[in-house]
Amino acid sequence: MGTILLALDPDSVSEEQLEAVKALAPDKRLILTRDRREIEAVLDEVEIAAGGLPRELVALAPNLRWMQQWGAGADWLMRTPEARQKDFILTNASGVHAIPISEHILAFMFAFARGLHHSIRAQQRHDWSRSKGAAAFELAGSTVILIGVGAIGERTAEMAAALGMRVLGVRRDPTVPAKGVEAMYGPGELLTLLPQGDFVVLTLPLTHETRGMIGERELRTMKNSAIIINTGRGGTIQQEALIRALREGWIGGAGLDVTDPE
């Protein structure tokens with residue numbers, strides 16, 4: 001009898017969900033735990049794993065056949081060559097975060113547009129002067145350069161377009177359209193697009209192709225008022241270049257849900 005490991009907090013899974021899993025695989029032992037010691041104790045038996053299995057344990061699971069990871073990005077494989085050499089199926093949860101992450105991107109946009117980052121700091125200083133910080137602006141009529149138009153990017157484009165924003169997309173295959181995107185371009189056209197963007201939004205996975213794709217050249221190409229937003233992976237932006245861009249005013253600001261290192 002093989003084992004299915006749900007590496008999740010026990011309180012996050014209902015009895016109904018557990019029964020559904022058991023019904024699908026009645027010949028498998030089902031274990032629900034995030035405790036590393038408990039996981040290590042059954043590691044030799046695990047055939048199917050889902051959730052937060054520690055990445056360094058993947059290579060040590062001799063009978064692992066299928067792993068369902070909870071996020072979309074599989075860049076951890078770049079740092080774990082032993083796992084890459086194993087013969088197992090890896091599936092991800094691409095698309096499940098489209099709603100919360102696209103709303104998070106919009107939250108960054110609204111915060112910068114209304115100058116909330118300045119207002120909060122002024123409030124903490126008990127400074128009620130209207131002249132402090134950058135002037136507020138409207139999202140309607142602004143241009144978004146959306147780099148990476150997957151599930152999150154597509155929903156972001158749709159929401160931004162509904163707010164009256166112009167959306168230009170960059171994806172590996174620019175022949176594939178997306179609702180809300182006015183025009184789609186390939187990665188090779190990025191430098192010609194960046195000067196148009198009031199917001200540059202990255203929702204990219206971290207791969208050999210995307211690592212460090214935004215560096216000094218790209219940042220200097222952007223408007224000095226432009227805001228860069230990254231909700232994908234921190235490694236897609238060259239962080240030292242970004243720090244310098246912010247300190248020296250090459251761009252207007254950054255909304256970072258991810259950094260390098262994470």
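At 21% relative accessibility, Asp198 counts as partly exposed, because buried means under 20% relative accessible area, exposed over 50%, and partly exposed in between, with a 1.4 Å probe and protein chains only. Lys223 is partly exposed too, with a relative accessible area of 29%. This is a predicted model, in which local features need pLDDT of at least 70 and side-chain atom pairs pLDDT 80 or more, while totals for chains, interfaces and linings use all residues. Residues are numbered from 1 along each chain as its sequence is written, and side-chain values use heavy atoms, without hydrogens and water.

**Salt bridges**

The structure holds 15 salt bridges; a salt bridge is a side-chain nitrogen of Lys or Arg within 4 Å of a carboxyl oxygen of Asp or Glu. Three of them are listed here, including the one between Lys223 and Asp198.

| Pair | Closest N to O |
|---|---|
| Lys223 and Asp198 | 2.9 Å |
| Glu19 and Lys22 | 3.7 Å |

Lys223 lies in the loop between α9 (216-221) and β10, and Asp198 in the loop between α8 (190-193) and β9 (199-202), so this pair ties together parts 25 residues apart in sequence. Helices (H or I, at least four residues) and strands (E, at least two) are DSSP runs, numbered from the N terminus. Lys179, at 62% relative accessibility, counts as exposed, whereas Glu158 is partly exposed at 36%. Glu19 and Lys22 both lie in helix α1, three residues apart, about one turn of the helix.

**Two sheets**

Five bridges join β6 (residues 143-147) to β7 (residues 166-170), and Leu146 has Gly169 in β7 as its bridge partner.

**Thr236**

Thr236 is placed in the loop between β10 (227-230) and α10 (239-248). At 0% relative accessibility, Thr236 counts as buried. Beyond its neighbours within four places in sequence, Thr236 is in contact (heavy atoms within 4.5 Å) with residues including Leu202, Arg211, Met213 and Asn230.

Key:
Two strands pair if DSSP finds at least two bridges between them.
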